[in-house]
Amino acid sequence: MKHIYHTLFVALMLISGAVSCRRQAPELTNPNDLRVNTESPSQVFLAFWQGMNNSYGFWDIDPTDWDAVYDHYLPIFERLDTELATLPTTEERMGRLQELYTEMCSKLIDHHLTLTFYPETDSAFRISPGMLEAQSRDYAHQPQVINNTLRTVYEANKQAGRITDDVVGVYNDPTGENSMLAISYKIDGVIYLHFTSFSFTGAIANDPGNPAEQALRNFQRLILETPDIQGVIIDVRDNGGGYLSDMDELLAYLIDTPFQFAYTRVKSGLGRLDYGPWVPAVVTPAAQHRGVEAPIVVLTNLYSVSMSELTAMAVSALPNGCVIGERSFGGTGPLAGDFTYSYNGSVSNPAVQIYCATAMTKDINGQIHEGIGIVPDIEVLQDAAMEAQLANGVDLQLERALEYIRTGK
């Protein structure tokens, strides 16, 4: 999952010091400055615990008792300082550590959170609490099925004469950071856009006029020039997120007045529960825009993450907005950097890399979706029957969106 860049930064004076006991002064150490003896499991645990204690932004709503984690697991890791060496292979030793960290972290609700332990070694292992939770849902399925069958669906509908005004664009970023596929067209008269990541901002900056941008501009042109818009579908299924500024390339063309869709909040101090105020998140119209009154649908699935979820949240705040598909991944907190720029965010030291959200988001009604996801207004699950239809060029979630636009139900 890519970063989504947020404009809310908090001034920070770095305070550094030695690793110390939680009971004394966990606030005194910048977790990025830790120098840890990674041969000692207990020191790695303390570095991880302290980094999360300072930098994790969800302690006021996360059900995990972080103090109880310290009290329960520190003695276990202290025993492992001597006992781990008795295990005969590196694989067994790291497997035991991974088992413990998975056990302690599996219920953390930040669904951007990715933990890489011993990152500077060949034995590094990674834990994603969000992926563990998502894969436990009763509708869990494999990722990228939609993206892998998108062209099949497009070509079948094109051959059937349902698609007009179509542009398909692929941008291959040499760094891989902003590579994406974007496709826009009218299907049965409805304006449609699918894109595999929120990478338009980066792709346009790196290569203006690239094919993915052309698909985006086609979508914008259709919004501005279609005489009687019947409906709009923004398809963010299997979209792992990206740049927050991409919202200005999408929703800002569909509105004629500014509208608030959420609030965001960052930490404002070194304490675990030191938070700043909730700040309104507002979308403003683009220089060229159109107030679309027809239904605007966002298609989501289990692997709609981050900016995909914020887009669904924003469309839900519109009077003509609707979300169709599956409950999304649950990673709604923007990312803006690390402890250097705010009192929370990503951490990197020899013991652990903590990739996590920098801000918390709640929707316009005050509901926090972190760890839960955006619940669709109309549920259409990506089950085995649907995937079989996709292979034949039939997209049941897309067809349900078109039905909603036609009938209003």
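What share of the residues in the protein is buried?

A: Buried residues, meaning those under 20% relative accessible area with a 1.4 Å probe and protein chains only, make up 56% of the 409 residues. Quick caveats: this is a predicted model, where local features need pLDDT of at least 70, side-chain atom pairs count only at pLDDT 80 or more, and totals for chains, interfaces and linings use all residues. Numbering starts from 1 along each chain as its sequence is written, and side-chain values use heavy atoms, with hydrogens and water left out.

Now the pair. Helices here are DSSP runs of H or I with at least four residues, numbered from the N terminus. The axes of α1 (residues 41–55) and α2 (residues 66–83) come within 8 Å and cross at roughly 160°; axes are lines fitted to C-alpha atoms over the stretch in contact, with angles from 0 to 180 degrees between N-to-C directions. Angles over 145 degrees count as roughly antiparallel, so that's how α1 and α2 run relative to each other. On the α1 side, the contact (heavy atoms within 4.5 Å) includes Phe45, Phe48, Trp49 and Met52. From α2, Trp66, Tyr70, Tyr73 and Phe77 are among the residues taking part.

Conventions. Buried < 20%, exposed > 50% of the residue type's maximum accessible area, 1.4 Å probe, protein only. Helix = DSSP H or I, 4+ residues; strand = E, 2+ residues; numbered from the N terminus. Parallel < 35°, antiparallel > 145°, perpendicular 65-115°, else oblique.
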